[in-house]
Amino acid sequence: MTLHTAEIYPSIGGWTLSDNFPTLAASAASRANFANQCVDLIKDYNFDGIDIDWEYPGYATHSGTSQDKENFNQLIDEVREKLNVLSTQTGKYYGLTAALPCGPSHIANMDIPHVASVLDELLLMTYDFHGAWDPAT
């Protein structure tokens, strides 16, 4: 029997904390600082990777901008780069995932081919398909 060990990733962001991402991702210095803090989090708590939960790039209600599509790419690129550096230091691979939207209007604000090339897993928020806005549950 093969034993599979679970991996644990902290999820950073979420519905109530996504308002900060547009400003953070718009600055090279802020992206680098964020990525360094992700590495520190992994080192401090022995996590196996990082999950980014930006709900949602380009979403005006959460301070979204038209630059969020490119800035999200740059943010995950920066985090991936820092995780790769950590991997060379420890010999362990650290994963990078993101909670991603399923609603067409939100997907339009993302560069899915690029995102898919950087992330290890794309975690789809399927609750975007149906919700309180539907006439029936």
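Student: Is isoleucine 112 buried, partly exposed or exposed?

Tutor: Isoleucine 112 counts as partly exposed, because its relative accessibility is 31%. Buried means under 20% relative accessible area, exposed means over 50%, and partly exposed lies in between, with a 1.4 Å probe and protein chains only. Please note that this is a predicted model, in which local features need pLDDT of at least 70, side-chain atom pairs count only at pLDDT 80 or more, and totals for chains, interfaces and linings use all residues. Residues are numbered from 1 along each chain as its sequence is written, and side-chain values use heavy atoms, with hydrogens and water left out.

Student: Where does isoleucine 112 lie?

Tutor: Isoleucine 112 is in helix 5, which covers residues 112–118. Helices (H or I, at least four residues) and strands (E, at least two) are DSSP runs, numbered from the N terminus.

Student: Which residues form the nonpolar patch on the surface?

Tutor: The patch consists of Ile107, Ile112, Leu122 and Leu124, and together they have about 290 Å² of accessible area. Such areas come from the Shrake-Rupley method with a 1.4 Å probe, and for residues only the protein chains shown count as cover. Patches are made of residues with over 30% relative accessible area and no salt bridge; like charges are joined within 9 Å, and nonpolar side chains (Val, Leu, Ile, Met, Phe, Trp, Tyr) within 5 Å.

Student: On to salt bridges, then. How many are there?

Tutor: The count is three salt bridges. The rule asks for a side-chain nitrogen of Lys or Arg within 4 Å of a carboxyl oxygen of Asp or Glu.

Student: What does aspartate 48 pair with?

Tutor: Aspartate 48 forms its salt bridge with lysine 92, and the closest N and O atoms are 2.5 Å apart. This pair links distant parts of the chain, 44 residues apart: aspartate 48 is in the loop between helix 2 and strand 2 (49–53), and lysine 92 is in the loop between helix 3 and strand 3 (95–101).

Student: And are those two buried or exposed?

Tutor: Aspartate 48 is classed as buried because its relative accessibility is 14%. Lysine 92, at 31% relative accessibility, counts as partly exposed.

Student: Which residue does glutamate 78 meet?

Tutor: Glutamate 78 and lysine 82 meet through their side chains in a salt bridge, at 3.8 Å from N to O. These two residues are four apart in helix 3, so about one helical turn separates glutamate 78 from lysine 82. Glutamate 78 is buried, with 17% relative accessible area, whereas lysine 82 is partly exposed at 23%.

Student: What about arginine 80, which residue is its partner?

Tutor: The partner of arginine 80 is aspartate 120, with the closest N and O atoms 3.1 Å apart. Here too the pair links distant parts of the chain, 40 residues apart, with aspartate 120 in the loop between helix 5 and strand 4 (121–125) and arginine 80 in helix 3. Arginine 80 is buried, since its relative accessibility is 9%, while aspartate 120 is partly exposed at 36%.

Student: Changing topic: how do helix 2 and helix 3 cross?

Tutor: The axes of helix 2 (residues 28–45) and helix 3 (residues 68–90) come within 9 Å and cross at roughly 40 degrees. Axes are lines fitted to C-alpha atoms, for helices over the stretch in contact, and angles run from 0 to 180 degrees between N-to-C directions.

Student: What is that orientation called?

Tutor: The two helices, helix 2 and helix 3, are oblique to each other. Angles under 35 degrees count as roughly parallel, over 145 as roughly antiparallel, 65 to 115 as roughly perpendicular, and the rest as oblique.

Student: Finally, the backbone. Where is the cis peptide bond?

Tutor: The cis peptide bond joins glutamate 55 and tyrosine 56, with omega about -5 degrees. Tyrosine 56 lies in the loop between strand 2 and helix 3.

Student: What is the phi of asparagine 46?

Tutor: Asparagine 46 has a positive phi of about 60 degrees, although it is not a glycine. Asparagine 46 sits in the loop between helix 2 and strand 2, and counts as exposed at 62% relative accessibility.

Student: And serine 63, what is its phi?

Tutor: Phi of serine 63 is near 65 degrees, again a positive value in a residue other than glycine. Serine 63 is in the loop between strand 2 and helix 3 and counts as partly exposed, at 35% relative accessibility.
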